[in-house]
Structures are given as C-alpha cells and as structure tokens.
Amino acid sequence: MSTERPALIDRFGRHVTYVRLSVTDRCDLRCVYCMAEDMAFLPRAQVLTLEEMARLGRCFTELGVTKLRVTGGEPLVRRDVMTLFEALGALPGLKELTLTTNGTQLPRFAKPLKAAGVNRINISLDSLRPERFRAITRKGHLEQVLAGIEAARAAGFDRIKLNSVVLKHRNHDEVSDLVAFAIARGLDISFIEEMPLGVIGDHDRAEAFYSSEQIRADLSKHLELIASAEHSGGPSRYWRVAGVDTRIGFISPQSHNFCGSCNRVRVTAEGRLLLCLGQEHSMDLRRVLRANPLDDEAVKRALIQSMAIKPEGHDFDLEAKPIIFRHMNATGG
Ligand code: SAM
Ligand code: SF4
C-alpha cells in the first residue's frame, strides 16, 4: 500500500490527518463538567496496551496522518506512558506530536516529554483562584498546576496553550485574568464551551453554559481583539491582541458548527475508533488489533473502511436529553 498520499478520505472528501489518542480514562482530578465524583473506570484488560497504541500510531501515520495528540483521562497518570511518547516521537511521517494534560504531573514529565519529541502541549486551567480551582476540579491544587506550567515553559516546547472551560457563575468572571496570565507568559489560550458529554448528576450544563460570544464581549471591554485567520489544525478560532504573541482561541461546539473542515478522529482508551465527537459511529479497533497481531495491513484496511461511516457532523443540544452517554474522560478530549 502506498504511504505517500493520504489514504483516509471520508464520503464528504475530508482528509483525516489528525488523530487524538486517549491513553487512559483515569484521572487524578474530577472536573465537574467532565466526570462524576464517583466514576467507575475501565478494567485494565479492556484498555489498549501501550504497545497496541504505538502500533495504531504507526498504522495511522502510514496512512497519511501527520498529527497525533495524546489525551485522556489524564495521560500522565498512565504507568510507563513515556514509552509510548518515545515510540510515537520516533514515527517517520509524523509532523506534530502533542499532549493535552491537566498539568499536575508536568513538574516530573515536562523535560522527558520534550526529549521524546512532543512539540506542543495544552494545559487545562479554569481558574487562578485556589479555592475555585479546587471546587471545579473537586480535588486539584492550583499551585501544582502552576508549577507544571512553569516546568513546561522551562522545557522549551514550541508552543504552550492553556485550555479553559468557561462556566457561568463558576469562572466566567475570570476570563480577563486568564488572558492576562497567558500574555504575561507568552502562552496561547483557548476558551471552550462546555459540551454535553455524559450525564453528571450534580451539574446542570444548560445552567452553566457561557457562550464564546459572551466571553469575547467580556474581553473586549479590556482588550482590543483582532480576528485572525490562523488555525492550529484543531477547531479553535483565533483572535489576537495587538503587540503580543498570545493567540486567544474559542472552541464553540454549541454556537459554531466546525464540522465542515473536520480532519480528525479519536481513539478511546479501549480502542474504539470514534469518527465524530458528537455521534456514536465507531469501530472496534481493539478487536482488529488483537485478531491480527502481526498484520498491520489488516489494521490499515480497517482504518480505511472506517471512513465510510464518518458522519457529516454532530448535533449537540444542551436543552435536550443527552444523546451521547460517554463522558469526556472516556472520549479523549
Ligand atoms: N486530563 C487532561 C486535561 O484536562 O487537559 C486531558 C483530557 S480532558 C478530557 C481534555 C479537555 O477537555 C480539557 O481541556 C477539559 O477541560 C475538556 N473537557 C472535559 N469535559 C468537557 C466538556 N464536557 N465540555 C468541554 N470540554 C470538556
Ligand atoms: Fe481529568 Fe481532564 Fe477530565 Fe479534568 S478534564 S477530570 S483533568 S480528564
């Protein structure tokens, strides 16, 4: 099979060049929008081994995928996860290896991640106030994440981006402070609208919803935002502030349909290939991997076949009953 041109093209002509790989559903935090407090996690035998994940990375890149993002759950709590980064970092054909993390383990891992070939890193940070940070994450310590951000800066990644999920009455009044924090450190920042993934008993998503438009209006009171045509291969739309390096992104699944330019798929920690974040169309890659332990061509054929079921788009609705019962940690954010 040719490895020269993209082979993953769906029915709508979209080329899949970006894969988000969830390496665990477990996490050391319990963010209110992501997980229930008493989550049941997957039994280990159901989770792909790190070798199986590296094999998938190889198959995807041989089919033209150029960008891999490692996510979770919290990727850095998976035991021996550095072996996976080292294997992925060595893949020919891969242009970008990126990580999404809550930052708690970065003081330990920032340097080895950079050495393994991770180019860019996204760190979640919803509040700069310790008591609020703790309330949103249910168990996090802000100072640990701030130390993680400093460790990442010192390690010299190409770019570091903060991700903030904005919730009404929880942190919506902190968007200017978060931008000022990012500007002072030369970081990018994206504000994310909450997505209705999974039912979380003590959290009302419709009540907490705060739109990107509202955030931009709030920021515009303090800053002059300039719309930018830049993109990072993901769903963010970017704005800039004159004279500084920081990009301010908005990820607006509710208020802006970004499906037309979708170039990505996700693999859950169990090896389920999700063709769309907001739909259930999927393929069981764990079965394919385990049935064909020595035959990468069989895995690649399955990946190519999966393109026939990539849906045209999602259709999230916060007011309606959730149609997606997966939580974000199981999906791979
Ligand atoms: N644990 C890592 C972290 O928090 O960055 C990686 C996984 S986490 C699921 C990835 C991103 O998804 C985080 O930025 C998180 O804030 C976001 N997220 C989680 N649940 C969400 C939801 N329901 N809607 C929107 N974003 C969500
Ligand atoms: Fe953990 Fe990330 Fe989910 Fe927060 S958003 S609970 S850090 S997986």
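**Helix packing and ligand surroundings in a predicted model**

Helix 3 passes helix 5 in a crossing that is right-handed, meaning that the near helix is turned clockwise from the far one by less than a right angle. The structure is a predicted model, in which local features need pLDDT of at least 70 and side-chain atom pairs count only at pLDDT 80 or more, while totals for chains, interfaces and linings use all residues. Residues are numbered from 1 along each chain as its sequence is written, ligands are numbered from 1 and chains lettered from A in the order in which they are written, and side-chain values use heavy atoms, leaving out hydrogens and water.

Helices here are DSSP runs (H or I, at least four residues), numbered from the N terminus. The axes of helix 3 (residues 106–116) and helix 5 (residues 142–155) come within 8 Å and cross at roughly 20 degrees; axes are lines fitted to C-alpha atoms over the stretch in contact, and angles run from 0 to 180 degrees between N-to-C directions. Helix 3 is therefore roughly parallel to helix 5, a term used for angles under 35 degrees. On the helix 3 side, Leu-106, Pro-107, Ala-110, Lys-111 and Lys-114 meet Gln-144, Ala-147, Gly-148, Ala-151, Ala-152 and Ala-155 of helix 5, where contact means heavy atoms within 4.5 Å. This contact has 7 nonpolar, 2 polar and 2 charged residues; Ala, Val, Leu, Ile, Met, Phe, Trp, Tyr, Cys and Pro count as nonpolar, Asp, Glu, Lys and Arg as charged, and the others, Gly among them, as polar.

Helix 3 also packs with helix 2, at an angle of about 25 degrees and with the axes 8 Å apart, so helix 2 and helix 3 are roughly parallel. Met-82, Phe-85, Glu-86 and Gly-89 of helix 2 make this contact with Phe-109, Pro-112, Leu-113 and Ala-116 of helix 3. Its residues divide into 6 nonpolar, 1 polar and 1 charged.

Turning to helix 1 (residues 50–62), its axis lies 9 Å from that of helix 2 (residues 81–89), at an angle of about 20 degrees. The crossing of helix 1 and helix 2 is right-handed. Leu-50, Met-53, Ala-54 and Gly-57 in helix 1 meet Val-81, Thr-83, Leu-84, Ala-87 and Leu-88 in helix 2, a set with 7 nonpolar, 2 polar and no charged residues.

The ligands come next. Ligand 1 has 19 residues around it, of which Tyr-33, Gly-73, Glu-74, Ser-124 and Met-195 come nearest; a residue counts if one of its heavy atoms lies within 4 Å. Polar contacts (pairs of N or O atoms within 3.5 Å) include one of 2.6 Å between a polar side-chain atom of Ser-124 and an oxygen atom of ligand 1. A nitrogen atom of ligand 1 is 3.2 Å from an N or O atom in the Glu-74 side chain. Around ligand 2 are Cys-27, Leu-29, Arg-30, Cys-31, Cys-34, Met-35, Gly-73 and Asn-102, a shell of 5 nonpolar, 2 polar and 1 charged residues.

Methods:
Helices (H or I, at least four residues) and strands (E, at least two) are DSSP runs, numbered from the N terminus. A polar contact is a pair of N or O atoms within 3.5 Å; within protein, one must be able to donate a hydrogen and the other to accept it, and residues adjacent in sequence count only if both atoms are side-chain atoms. Angles under 35 degrees count as roughly parallel, over 145 as roughly antiparallel, 65 to 115 as roughly perpendicular and the rest as oblique.
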